[in-house]
Amino acid sequence: MTRFISHSYNDTIDFAEKYAQNLRGGEILAFYGPLGAGKTAFAAGVVKGLENLSNVSSPTFAIINDYGGNPRIYHFDMYRIETFDDLYSTGFFDYLEENAVTLIEWSENIEKFLSEEYNMIKIKISYGENENERIIEISDENISI
């Protein structure tokens, strides 16, 4: 487990950008954490680190943002997903067939619907001791930052 303490939005972006240097395509990054913790900020850093110039925003209402690129980047928001049928109707499983980097906010809402074959990298973001501090924990053991 890799642990990082971010002291600002920009720290989170910079850390995620460096982390993205480990990604090649085919990874599923599953974000966990409360509202406002920095899941979208981390996603923005990953997109930037993969040299993709897309404007990153949480796909709360659209469910998915497709940022294109090489590797292709899909960004899901599962906040409104409650059942397997909800998840299936998004086409989510079709996106996992590609060799893309898949970013999933609110992964706790869909975790029970996914088998271990997907080998998700869990990224837990929680509040720290002060207003801007965030504790970021990544389950990926094969990273260098």
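Q: How much space lies in the second largest pocket?
A: In this predicted model, the second largest pocket holds about 170 Å³ of space.

Q: Which residues line the second largest pocket?
A: Its lining is made of Glu-111, Leu-114, Ser-115, Glu-116, Tyr-118, Asn-119, Met-120, Lys-122 and Ser-139. An atom within 4 Å of a pocket point is what makes a residue count as lining.

Q: How many residues of each class are in the lining of the second largest pocket?
A: There are three nonpolar, three polar and three charged residues. Glu and Lys count as charged, so Glu-111, Glu-116 and Lys-122 go in that group.

Q: What about the largest pocket: what is its volume, and which residues are closest to its centre?
A: The volume is about 320 Å³. Out of 22 lining residues, Leu-35, Gly-36, Ala-37, Gly-38 and Lys-39 are the closest to the centre. The elements giving two or more residues to this lining are α1 and α2, and α2 has the largest share, with three residues.

Q: How do you know which residues make the contact of α1 with α2?
A: Heavy atoms have to come within 4.5 Å. On α1, that picks out Tyr-9, Thr-12, Ile-13, Phe-15, Ala-16, Glu-17 and Tyr-19. On α2, the partners are Ala-41, Phe-42, Ala-44, Gly-45, Val-46, Lys-48 and Gly-49. Sorted by class, this contact has nine nonpolar, three polar and two charged residues.

Q: What kind of peptide bond joins Asn-70 and Pro-71?
A: It's a cis peptide bond, with omega at about 5 degrees. You'll find Pro-71 in the loop between β3 (64-68) and β4 (73-77).

Q: What is phi of Glu-51, and where is this residue found?
A: Phi is near 60 degrees, a positive value in a residue other than glycine. Glu-51 sits in the loop between α2 and β3.

Technical notes:
Residues numbered from 1 in each chain as written. Predicted model: local features only at pLDDT ≥ 70, side-chain atom pairs only at ≥ 80, totals over all residues. Heavy atoms only, no water. Helix = DSSP H or I, 4+ residues; strand = E, 2+ residues; numbered from the N terminus. 1 Å grid on protein atoms, 1.4 Å probe; cavity = no way out; pocket = protein on both sides within 12 Å on 5 of 7 lines; lining within 4 Å. Points joined across faces, edges and corners; volume = space filled by probe spheres on them.
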